[in-house]
Amino acid sequence: MANVRDLFSLSNKSALISGGSRGLGAEMAEALAEAGAAVFLLARREAWLNPTIDAMKRSGFRCEGAICDVTNPEQVEAVTAKAIAAFGQIDILVNNAGVTWGAKAEEMPLEKWREVVDVNLTGTWLFSQTAGRHMIERGSGNIINVASISGLKGSMDLGASIAGYTASKAGVMGLTRELAGQWGRNGIRVNAIAPGFFPSRMTERLLSRIQKEYEAGVPLGRIGRPGELKGVVVFLASEASSYITGQTIVVDGGVTIA
């Protein structure tokens, strides 16, 4: 039986993280690196990516990265190949890249719906498929999709509809279950994390309006704090969760229990 410290170790592992240059993605990338993994970060802009890579290297972590539009199949193939060339393999894929758009449901522009669904759901699918082929060849792998509690509950109390975001994140959870079933016999585990509200660039405008009201309905009485996703991503990425697949772990202070 393995020692608990060894169960959570990611030494000699490598991870590819989309949307890994800032916010929750950077936090999860840092957690994986702290557990021993080499990390390959993806972002849409060099201005976001390069400072994060530099900071990770200054901390002594093995870190590389590339620019990528997660909705572009050719770019997804290219950066996946770069990550494999850099570290020899991809053991862990974290599909974190995401966007949102708020408008009344009856007024939601079709192009904004498509943009959100393409990034959040199609991007997750493209990276899962591309990295999944590599993992199938190796006979092992670990995919972690970042969903949201928005995929579990509606947003009637937020003042605007995020229909595309809600639908895409529900789709991510469904895709997680499907791929877990498809690839389990290939030694690949697929799970998801569904965060509640955490401070980030995506949530800052909304939280400035509704944070107090929202926190009143959270059993723990607050939104998430920086660092509170680190433990769950390392758990899912490591052998500590070796018999868990197809699951969504909710990290929301209890807001979805009722």
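The following legends describe close-up views of a predicted model. Local features require pLDDT of at least 70 and side-chain atom pairs pLDDT 80 or more, whereas totals for chains, interfaces and linings use all residues. Residues are numbered from 1 along each chain as its sequence is written, and side-chain values use heavy atoms, with hydrogens and water left out.

**View A. Packing of helices H2 and H8.** Helix H2 (residues 23-34) packs against helix H8 (residues 230-237) at an angle of about 55 degrees, the axes being 9 Å apart.

**View B. Residues at the H2 and H8 contact.** H2 contributes Glu27, Met28, Glu30, Ala31, Leu32 and Glu34, and H8 contributes Lys230, Val233, Val234 and Ala237; contact means heavy atoms within 4.5 Å. By class, 6 of these residues are nonpolar, none is polar and 4 are charged.

**View C. The largest nonpolar core.** This core has 32 residues, of which Leu32, Val39, Val94, Ile193 and Val233 touch the most other members. A nonpolar core is a set of buried Ala, Val, Leu, Ile, Met, Phe, Trp, Tyr and Cys residues joined through side-chain atoms within 4.5 Å, buried meaning under 20% relative accessible area with a 1.4 Å probe, protein chains only. H2 gives the most to this core, with 6 residues.

**View D. Surroundings of Val233.** Leaving aside neighbours within four places in sequence, Val233 is in contact with Met28, Ala31, Leu32, Val94, Ile144 and Ile193.

Terms used
Axes fitted to C-alpha atoms, helices over the stretch in contact; angles between N-to-C directions. Helix = DSSP H or I, 4+ residues; strand = E, 2+ residues; numbered from the N terminus. Nonpolar A, V, L, I, M, F, W, Y, C, P; charged D, E, K, R; others polar. Buried < 20%, exposed > 50% of the residue type's maximum accessible area, 1.4 Å probe, protein only.
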